[in-house]
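Subject: Structure handover

Hello,

Here is the structure I promised to pass on. Please look it over before reading my notes below.

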Amino acid sequence: MPQLDSFLDSIYDALQEQRGSQMGSREQKRLELRSRLIESLGSFDMPQGEDADFRPVLLESVELEDVIRERVEISTMGGLRMPVYIMKSKQLQGKNPAVLLWHGHGYGSRSLVGLQEDGSPKPETGKRGDNIALELARRGLVVVAPEVAGFGDRRLERDRLQDPSLKNSCYNLSVSLMMAGKTTAGLRVYEALRASEYASTLEEVDAGRIGNMGHSGGGTIASLSAALDPRIQASVVGIYPNTYRGSILAMRHCLCNYIPGILLHAEMPDLLGLIAPKPLFIEAGMDDPIFPVATTREAIRILENIYADMGLSSNLDSHVFEGRHEVSGERSFDWLANTLTRLKS
């Protein structure tokens, strides 16, 4: 008899009802939810004064056919250093729109810039998702692709020593932070705030036209940071928007997806709604096995109502494509480039 299942469902249903009965204006509810999100992510101290210096160090610079790819290491907070790929067209002049590009689970930021895990070039397949940074750079964007904490070169040293085959440090990072009242999502979001600040300092970047794009685990970072960061003016969130009940709670996901207590305050579409009224594009695979399309469509409907209530329905777009848990880019790449290009700095 599925007693535990019913028990968990009753808790979820009660929280849904409780949130639905909350009083207050739309703007009051948004301000309260933003505050509760910050609280749920955990406290992270952003550097001040001299500690806020990024201390950038150029790690490599590669001239390709029509773009330049650089890798820079910057300081974020608490002594952490973050490697960041920067890809830009050789044709750029003056100040240009930029995009923060967030990878999901895998081997890190190299996957976004056309490289394999060992740093060698990926074989050409013709798929748009093979080199997302190149696709966006060719559309006139300065692409800033950070290495997310827990992946690639930023795995925990203890994980490297104990199990060299381990692909990420999400589990040990998450349990350590949760025991300290913090979350992996919070760490990554606060580092995203530092990354957007760094992007705004680049001489070729128009600080008033910065967007972001993230898929899967990168969608968590892109969506939550866009909700909290006034620098982010437009966002693409792919193969992630859904409901917690339909995805994160419905099957086994990486521990980094879980924010303790967040259901006391919001379902995932409510958090995505904090991005409004800024332009948002949602991309989803029709046959995605871990973010089911039925509840993705449910999330999109809720977001359509949020944007419509603000009188800005045109600021929300979506593309449900034939595919699984993968990047499409068929419409989202052009949407982001066109949206950021049109913005007034």
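Where is the place of Arg55? Arg55 sits in the loop between H2 and strand S1 (57-63). Helices (H or I, at least four residues) and strands (E, at least two) are DSSP runs, numbered from the N terminus.

Two notes on reading the rest. This is a predicted model, where local features need pLDDT of at least 70, side-chain atom pairs count only at pLDDT 80 or more, and totals for chains, interfaces and linings use all residues. Residues are numbered from 1 along each chain as its sequence is written, and side-chain values use heavy atoms, with hydrogens and water left out.

Backbone points

Arg55 is not a glycine, yet it has a positive phi of about 45 degrees. Its relative accessible area is 42%, so Arg55 is partly exposed. The cut-offs are these: buried is under 20% relative accessible area, exposed is over 50%, and partly exposed is in between (1.4 Å probe, protein chains only).

Ser216 is another residue other than glycine with a positive phi, here near 60 degrees. Ser216 lies in the loop between strand S6 (205-215) and H7. Is Ser216 buried or exposed? Ser216 counts as buried, at 14% relative accessibility.

There is also a cis peptide bond. It joins Ala276 and Pro277, with omega about 10 degrees. Pro277 is in the loop between helix H8 (268-272) and strand S8 (280-285).

Salt bridges

How many salt bridges does a search of the whole structure find? The search finds 23. A salt bridge here is a side-chain nitrogen of Lys or Arg within 4 Å of a carboxyl oxygen of Asp or Glu.

Take Glu60 and Arg69. Their side chains meet in a salt bridge at 3.5 Å, N to O. Arg69 is buried, with a relative accessible area of 8%. Glu60 counts as partly exposed, at 27% relative accessibility.

Next come Arg81 and Glu73. Their side chains form a salt bridge at 3.1 Å, N to O. Arg81 is partly exposed at 25% relative accessibility. Glu73 is partly exposed at 25% as well.

Then there is the bridge between the side chains of Asp334 and Arg139, at 2.6 Å, N to O. This pair links distant parts of the chain, 195 residues apart. Asp334 is in helix H10 (residues 332-342). Arg139 is in the loop between helix H3 (132-137) and strand S5 (142-146). Asp334 is partly exposed, with a relative accessible area of 36%. Arg139 is partly exposed too, at 27%.

Salt bridges also form a network. It links Arg71, Arg110, Glu147 and Asp153.

Helix packing

Helix H2 (residues 26-41) packs with helix H7 (residues 217-228) at an angle of about 130 degrees, with the axes 10 Å apart. Axes are lines fitted to C-alpha atoms, for helices over the stretch in contact, and angles run from 0 to 180 degrees between N-to-C directions. The angle makes H2 oblique to H7. Under 35 degrees counts as roughly parallel, over 145 as roughly antiparallel, 65 to 115 as roughly perpendicular, and the rest as oblique.

H2 passes H7 in a left-handed crossing (the near helix is turned anticlockwise from the far one by less than a right angle).

Which residues make the contact? H2 gives Arg34, Leu37, Ile38 and Leu41, and H7 gives Leu224, Ala227 and Leu228. Contact means heavy atoms within 4.5 Å. These residues divide into 6 nonpolar, no polar and 1 charged. Ala, Val, Leu, Ile, Met, Phe, Trp, Tyr, Cys and Pro count as nonpolar, Asp, Glu, Lys and Arg as charged, and the others, Gly among them, as polar.

Best wishes
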